[in-house]
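Here's a walk through one protein model and the two ligands that come with it.

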Amino acid sequence: MRTTVGIIGGGPAGLLLARLLHNAGVESVVLERRDRAYVERRQRAGILEQATVDALREAGAGERLDREGMPHDGIELRFGRRAHRIDFPALTGGRSVMVYAQTEVVKDLTALQLAEGGPLLFEAEVTGIDGADTGSPVVRFRHEGRERTLTCDYVVGCDGFHGVARDAVPESVRTVYERTYPYSWLGILADAPPVYDELIYAHSERGFALASMRSPSVSRLYLQVPNGTDPGDWSDARVWDELDARFATDDAPGWKLARGRITSKAVLPMRSHVTEPMRHGRVFLAGDAAHIVPPTGAKGLNLAAADVIVLARALTAWQETGSTGLLDSYSDTCLRRVWRAEHFSYFMTTTLHTDQAQSAFETRLQLAQLERVATSPHAAAELAENYTGLPLPR
Ligand code: FAS
Ligand code: PHB
């Protein structure tokens, strides 16, 4: 096979890139290791920044998003048994976020790609990339029991943290930055109506908890748990009781979550990771293939979208003018935004989670920081600006 842009991975980064390129008249082929049902049901992110929403609309994937997505103008912080709302539009000059699950984004982009895009091959596992620093890199993949190749002008690794594209950046030029956190999240999906209008992030001496949602009848909830936790150790009753305990405040005594059937329970490790540079020769990295953030700041999916928006512009400029200027600046352009999001995600994670090994002094520092956010419009604006998403690089 031969194409202009070979895209490894049919997650949100790969699919959005394929759509943006298609709309600009740039040919691509998407190779996805898993089958369609697996990719579409994989529970991941839930919050879209405005720039991500705009890109999905531009890609032609905004119709169901605009119908079923839930605009949110703020979040609630609970700490010291009190609640405090962060008002996004008031603090950011009008910005907000959209609650629309990554599973739905993937379904919308997959349907579009199959209906009117270039080839999207499922169960096509990429085994390696040859000639990254030549003019026609070759992607090797296995599909329908056959070893095949895809010759490209450019290759983009959108294959996530466990993909193969990162290996195209030789160790001699690659720098990896990473941090593993001393706790994980137990995430549940429940057929229970959210009894809250906006997301609740709770700091408590029992540990962090987050109340999110997928629809007016489906709750998405997370509990901080020790690394290595077995979800099987958490009965439904234990999950609900612990969530209620961590969200408890004196402002609303007796406040409780609505309970319902838990349909999914999984433990998610927390890590930060950045691979620099996000390019080698004619192979580019985008999304989780290049960077990982702990989900506390709701940045993962949005960073992936930002990468491919920048890269789609660069590849389009190259095809239209032959100029590689934007391609040459891609890595530096994206890494500035990546590191800002890495810091924000680190800030949200270390301020809201109580690590069993932390000292009483560190807990008081967390509470002092949260109190600062609750009482200073400047501190609150810093959180609101980062959460709703900083402007994309032009
Ligand atoms: P993805 O990992 O989504 O997609 C990569 C794709 O490449 C996958 O479909 C994979 O099958 C495919 N692939 C891998 N190797 C391949 C190969 N060799 N050949 C072909 N295809 C290959 N972010 C949040 O903001 N909030 C959250 O709550 C949140 N929860 C998360 C929970 C989990 C368990 C994980 C892992 C991540 C979570 N994230 C969350 C982050 C997540 O949303 C990512 O940021 C987002 O999926 C990034 O999208 P992609 O870069 O497309 O990578
Ligand atoms: C989610 O809805 O899955 C979600 C929302 C906000 C986060 C993390 C996850 O910070």
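## Ground rules

This is a predicted model, where local features need pLDDT of at least 70 and side-chain atom pairs count only at pLDDT 80 or more, while totals for chains, interfaces and linings use all residues. Residues are numbered from 1 along each chain as its sequence is written, chains are lettered from A and ligands numbered from 1 in the order in which they are written, and side-chain values use heavy atoms, with hydrogens and water left out.

## Around ligand 1

Start with ligand 1, which has 31 residues around it; a residue counts as near if one of its heavy atoms lies within 4 Å. Glu 32, Arg 42, Arg 44, Gln 102 and Asp 288 come nearest. By class, this shell has 15 nonpolar, seven polar and nine charged residues. For that sorting, Ala, Val, Leu, Ile, Met, Phe, Trp, Tyr, Cys and Pro count as nonpolar, Asp, Glu, Lys and Arg as charged, and the others, Gly among them, as polar.

Now for the polar contacts, meaning pairs of N or O atoms within 3.5 Å (within protein, one must be able to donate a hydrogen and the other to accept it, and residues adjacent in sequence count only if both atoms are side-chain atoms). The side chain of Gln 102 puts an N or O atom 2.6 Å from an oxygen atom of ligand 1. Helix H1 (12-23), strand S9 (124-130) and helix H8 (300-321) are the elements giving two or more residues to the shell. Helices (H or I, at least four residues) and strands (E, at least two) are DSSP runs, numbered from the N terminus.

## Around ligand 2

Ligand 2 has 15 residues around it, and Tyr 201, Ser 212, Arg 214, Tyr 222 and Pro 295 come nearest. They divide into nine nonpolar, three polar and three charged. Strands S14 (209-215) and S15 (218-225) each supply at least two residues, and S14 gives the most, with three.

A polar side-chain atom of Ser 212 sits 2.6 Å from an oxygen atom of ligand 2.

Helix H9 (residues 325-352) and helix H10 (residues 360-375) pack at about 120 degrees, with axes 9 Å apart. Axes are lines fitted to C-alpha atoms, for helices over the stretch in contact, and angles run from 0 to 180 degrees between N-to-C directions. H9 and H10 are therefore oblique to each other: under 35 degrees counts as roughly parallel, over 145 as roughly antiparallel, 65 to 115 as roughly perpendicular and the rest as oblique. Phe 347, Thr 350, Thr 351 and Leu 352 of H9 meet Gln 366, Gln 369 and Leu 370 of H10, where contact means heavy atoms within 4.5 Å.

H10 also packs on helix H11 (residues 377-388), at about 100 degrees with axes 5 Å apart. That makes H10 roughly perpendicular to H11.

The peptide bond from Glu 276 to Pro 277 is cis, with omega near -10 degrees. Pro 277 belongs to the loop between strand S16 (261-276) and strand S17 (279-280). Glu 123, in the loop between strand S8 (120-121) and S9, has a positive phi, near 50 degrees, in a residue other than glycine.
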